[in-house]
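Keep the sequence and the 3D view beside you as you read, and try to find each part for yourself.

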Amino acid sequence: MDDPLSRRERQVMDLIYRHGAASVATIRDAMADPPSYSAVRALMSTLVEKEHLRYEADGRRYVYHPTVPAERASLPALQRVVSAFFDGSPAKAALALLHLDDGLTAEEIASLEAAIAAAREQGR
Amino acid sequence: MSGPAALAIWTGAVLDASLKTTVVLGLGLAVTRALKRSSAANRHAVWTLTFAALPALLWASHRRGPQVAIDAPWLAALWLTGACVAAAPLAVSTWRLRRIRWTQTGSVGRTRLGVSAHISGPITWGWLRPVVLLSPRVIEAAPHREAALAHELAHVQRGDWLIHTLTWLTCAAFWFHPLVWPAWRQLAMEAEHAADDAAIASGVAPSSLAALLLGLASHRPPRGALGIVSSPTATRIRSILEPRTRHASRWRASVVSSAGLALALTALGQWQPWTAPPENVTCQPAHPRPLP
């Protein structure tokens, strides 16, 4: 678990945390500059060996989960600052419709859905 | 002029300008608060003017020669390092943006429209030949597609990307200033609200734009916050759904705020904050500028 992660492995872990759980194909699709499918699968197998990921069978495919929930997978502070600054998503140099860190709580989602339905009923 | 002397004058100019920056940003905040009931486009215009004033202050301070030169090379090195670190995300993202794979599907004037599976939501960048990219999920639903396109094209029309980039670089120069980054977030937020307003003014149904945003936000990891403070996205969606007139008198607010800011800048140009040298900093008189 203490093995340092390579840049690619870190990228996979970041994507897994962003998705919660994901298949190899999902992770590959989410990569900006993806290697081959088998390379991504190999990366994820290494992460299973390093005990960062575990997998479950879902029909014919495997779904990977992080072994440590996102809140507890805290990187050392300095590393986190560096990754916040240098792991910049491409969206920082563009205007994104929605910023990556703009998540919503379940209560907010429910209340906004109701507000949208009300607006639709009024024909707006 | 020797290198260390030039450095000392530059450091002095940065400090000199940063004091005036406090006043200008405070003014920007006061004016945008006063324009609370005006349009987001107006408030964005005020923030843009405010940020345009910052490099001007730095330039003026340096040109006239600051009141004191600060002979502390470590301070200059610290400033430069901070500025580079603050500008780095923009550089890294620009590089990554160039490497995104996307397919052009059409164009509007000089704006290229495309689709890419490698983005998490619609984005736009570029000035002379702007690009608007949509993700496949957004393209699938026609109301979402229209809402996203209208919003992004509004950014293009307003020149928001150039402002976004230039103001970020300004922030990098004043990275140590505690008011600069919160002010920049306000500017960025007003740009989004203004593009939302413009999209709705162009005929997009508020409910479609709101549903698009909610759909994108629901796929993000939930916030770690306690849920007491409403997230910027929730505020934005509510603001989109709010029935109101959107394009309020843009010219009046712009004229008033430009005049106010111009007056303030003239006053600041005369103000020399260092009447007495501050303590704890090694100071020496600025070298007089050589005669022509």
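What is the handedness of the crossing of helix 3 of chain B and helix 6 of chain B? The crossing is right-handed. Before going further, please keep in mind that this is a predicted model.

**Two helix pairs in chain B**

Let us stay with that pair. Helix 6 of chain B covers residues 160-173, and its axis comes within 7 Å of the axis of helix 3 of chain B. The two axes cross at roughly 155°. Angles over 145 degrees count as roughly antiparallel, and therefore helix 3 of chain B and helix 6 of chain B are described as roughly antiparallel to each other.

Which residues meet here, in helix 3 of chain B and helix 6 of chain B? From helix 3 of chain B come Trp79(B), Ala83(B), Ala86(B), Ala87(B), Pro89(B) and Leu90(B). Helix 6 of chain B brings Thr165(B), Trp168(B), Leu169(B), Ala172(B) and Ala173(B) to meet them. Sorted by class, the residues of this contact are 10 nonpolar, one polar and no charged.

Now turn to another pair: helix 5 of chain B, residues 142-158, and helix 7 of chain B, residues 180-201. Their axes come within 8 Å and cross at roughly 115°. That angle makes helix 5 of chain B roughly perpendicular to helix 7 of chain B. The crossing of helix 5 of chain B and helix 7 of chain B is right-handed. On the helix 5 side of chain B, the contact is made by Ala150(B), His151(B), Ala154(B), His155(B) and Arg158(B). On the helix 7 side of chain B, the residues are Ala191(B), Glu192(B), Ala194(B), Ala195(B), Asp196(B), Ala198(B) and Ala199(B). By class, this contact has seven nonpolar, two polar and three charged residues.

| Residue | Relative accessibility | Class |
|---|---|---|
| Thr21(B) | 0% | buried |
| Ala72(B) | 7% | buried |
| Asp14(A) | 24% | partly exposed |

Thr21(B) lies in helix 1 of chain B, which covers residues 3-34. Which residues does Thr21(B) contact, leaving aside its neighbours within four places in sequence? They are Leu54(B), Leu57(B), Phe174(B), His177(B) and Val180(B).

Ala72(B) sits in the loop between strand 1 (68-70) and helix 3 (73-99) of chain B. Along the sequence, Ala72(B) and Leu7(B) are 65 residues apart, yet from C-alpha to C-alpha they are 8.6 Å apart in space.

Asp14(A) takes us to the other letter: you will find this residue in helix 1 (residues 7-19) of chain A. Between the C-alpha atoms of Asp14(A) and Ile27(A) there are 9.9 Å, and along the chain the two are 13 residues apart.

**Chain A as a whole**

Now step back and look over chain A. How many helices and strands does chain A have? Chain A has five helices and three strands, and along the sequence they follow the pattern α-α-α-β-β-α-β-α.

Chain A has 124 residues, of which 36% count as buried. Take the contacts in chain A between residues at least 6 apart in sequence: 47% of these join residues at least 24 apart. As for its surface, chain A exposes about 7,100 Å², with carbon and sulfur atoms supplying 53% of that area.

Terms used
Residues numbered from 1 in each chain as written. Chains lettered and ligands numbered in written order. Predicted model: local features only at pLDDT ≥ 70, side-chain atom pairs only at ≥ 80, totals over all residues. Heavy atoms only, no water. Axes fitted to C-alpha atoms, helices over the stretch in contact; angles between N-to-C directions. Helix = DSSP H or I, 4+ residues; strand = E, 2+ residues; numbered from the N terminus. Parallel < 35°, antiparallel > 145°, perpendicular 65-115°, else oblique. Left-handed = near helix turned anticlockwise from the far one by under 90°. Contact = heavy atoms within 4.5 Å. Nonpolar A, V, L, I, M, F, W, Y, C, P; charged D, E, K, R; others polar. Buried < 20%, exposed > 50% of the residue type's maximum accessible area, 1.4 Å probe, protein only. Areas by Shrake-Rupley, 256 points an atom, 1.4 Å probe, with all protein chains shown as cover.
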